[in-house]
Amino acid sequence: MKEELLQQGFPVLSEGVAGIATEGTFDDTLRLNLLLRTGHRVLYLLRELPARDAEALYRGVSEIPWEKHIAEDGYVCVTSSVESPSIRDSRYANVKCKDAIVDRIKEKRGQRPDSGPDQDRAVVNLYWKDEVCSLYLDTSGEPLSRRGYRKIPLGAPMQETLAAAVIMATGWKGHGHFINPMCGSGTLAIEAALAGLNRPPGLLRDNFGFMHLKEFKEAFWNDLRAQAKREAKKSLQCRIIATDIRREAVEAARKNAATAGVEHLIEFSSCDYSETSIPEGEGVVILNPEYGERMGKIKELESVYKGIGDFFKQRCKGFKGYLFTGNLDLAKKVGLKAKRRIPFFNGGIECRLLEYELYEGSRKNKNPQIT
Ligand SMILES: C[S@@+](CC[C@H](N)C(=O)[O-])C[C@H]1O[C@@H](n2cnc3c(N)ncnc32)[C@H](O)[C@@H]1O
């Protein structure tokens with residue numbers, strides 16, 4: 001995410017486990033919502049205020065001019081993260097914050113907006129740590145991982161933002177082929193196609209939190225979209241191949257790719273990973289096998305992981321091989337020395353993206369010397 005922000009010309013002010021702070025205007029949040037591939041939410045800080053208890057929170061939140069952000073006939077959802085000793089139940093803080101917002105709007109405009117748990121309209125985020133509350137407009141609304149193309153869910157799909165971050169970590173930008181056996185619902189292949197085309201993921205969505213705030217300028221948003229479309233490529237110079245042993249997974253992946261508008265760029269087929277066709281040339285071969293939680297399943301998976309090592313060695317010479325897994329013991333069964341091990345978190349599970357260089361042997365054959 002840091003690299004993405006820097007690439008877009010935004011400074012990185014601080015970096016934490018939960019997010020990165022940068023600087024910009026409200027209009028900049030529209031650009032970030034459109035362009036970011038790896039971020040989950042773009043939060044726009046309105047105010048930081050001291051609060052020892054829920055009453056102080058109510059008073060502080062009431063002082064923010066919410067009527068300038070949220071329409072009196074609109075709808076607002078409050079989300080919160082509370083780590084304050086004075087608050088045992090974070091739901092209480094949430095209700096206090098929501099009451100302060102809607103009471104303030106009623107006082108200023110004579111009407112109270114509706115409120116509830118749906119994040120598809122105006123969203124306010126409260127972050128309360130010790131005695132300091134930060135109040136944000138959540139300009140994304142629904143998290144940015146919900147791109148809108150994964151209409152057909154399958155077991156254990158990778159989040160879209162994680163898939164984009166994994167691809168970024170491989171360094172693949174549309175040069176060289178992108179091969180994804182075990183594609184499941186197709187997230188990696190679809191995100192690769194979008195990244196290769198330089199097509200921003202935000203073009204796929206027609207609803208964001210910022211659209212429900214008073215600061216939103218529709219003409220500016222339309223200009224941003226039009227510019228992004230002009231700057232995106234129409235085709236790729238490489239092949240993207242996605243396969244899965246389950247026919248229904250391939251069908252779901254194909255439909256998801258069609259929804260994302262990239263079906264024509266991905267060659268889908270149903271086969272065992274080891275039979276995936278590997279084109280001449282270079283590129284990335286990436287697999288995200290199951291990593292199993294039950295012991296019986298883990299035993300079964302040992303042979304799959306060993307087979308992936310053989311597949312890399314025998315079939316993928318000249319490519320960079322990647323394995324994304326949450327089970328490092330299983331990863332050892334691959335039997336190859338990883339050149340890089342990049343940590344990721346997937347739904348609370350610590351995972352690794354392991355990189356294998358598969359050049360050995362192929363280099364000799366690449367430019368055969370005839371003597
Ligand atoms: C963890 S899921 C992949 C999820 C995928 N990254 C996504 O975002 O949807 C693992 C996939 O491997 C497939 N698979 C399992 N064994 C396989 C095999 N021997 N050959 C090919 N695919 C296999 C499963 O059908 C499943 O779709």
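## The second largest pocket

The second largest pocket holds about 800 Å³ of space, where a pocket is, on a 1 Å grid over the protein atoms alone, an open set of points with protein on both sides within 12 Å along at least five of seven lines. Grid points are joined across faces, edges and corners, and the volume is the space filled by probe spheres set on those points. Of the 33 residues that line this pocket, Met182, Asp244, Asn288, Pro289 and Glu290 are the closest to its centre, a lining residue being one with an atom within 4 Å of a point. This is a predicted model, in which local features need pLDDT of at least 70 and side-chain atom pairs count only at pLDDT 80 or more, while totals for chains, interfaces and linings use all residues. Residues are numbered from 1 along each chain as its sequence is written, and side-chain values use heavy atoms, with hydrogens and water left out.

Helices α6 (187–197) and α9 (295–315) each supply at least two residues of this lining, and the largest share, four residues, comes from α9; helices (H or I, at least four residues) and strands (E, at least two) are DSSP runs numbered from the N terminus. By class, the lining has 16 nonpolar, ten polar and seven charged residues, with Ala, Val, Leu, Ile, Met, Phe, Trp, Tyr, Cys and Pro counted as nonpolar, Asp, Glu, Lys and Arg as charged, and the others, Gly among them, as polar.

In the loop between β8 (177–180) and α6 lies Gly184, which is buried at a relative accessible area of 15%. Not counting residues up to four places away in sequence, Gly184 touches Leu154, Asp244, Ala249 and Ala253, contact meaning heavy atoms within 4.5 Å.

## Two nonpolar cores

A nonpolar core is a set of buried Ala, Val, Leu, Ile, Met, Phe, Trp, Tyr and Cys residues joined through side-chain atoms within 4.5 Å. In the largest one, which has 60 residues, Val262 and Ile266 touch the most other members, and α6 gives the largest share, seven residues. A second, separate core of 43 residues includes Phe10, Val42, Ala54 and Ile64.

Leaving aside neighbours within four places in sequence, Val262 is in contact with Ile190, Ala193, Leu194, Leu197, Arg199 and Ala257.

## A hairpin and a cavity

Strand β13 (residues 340–346) runs antiparallel to strand β14 (residues 349–357), and seven bridges join them; strands pair if DSSP finds at least two bridges between them. The two strands form a hairpin with two residues between them, and Gly347 in the turn has a positive phi of about 55 degrees.

A search of the whole structure finds one cavity of 30 Å³ or more, a cavity being a set of grid points where a 1.4 Å probe fits but cannot get out. The largest cavity holds about 40 Å³ of space, and its lining divides into four nonpolar, two polar and two charged residues.

Notes:
Buried < 20%, exposed > 50% of the residue type's maximum accessible area, 1.4 Å probe, protein only.
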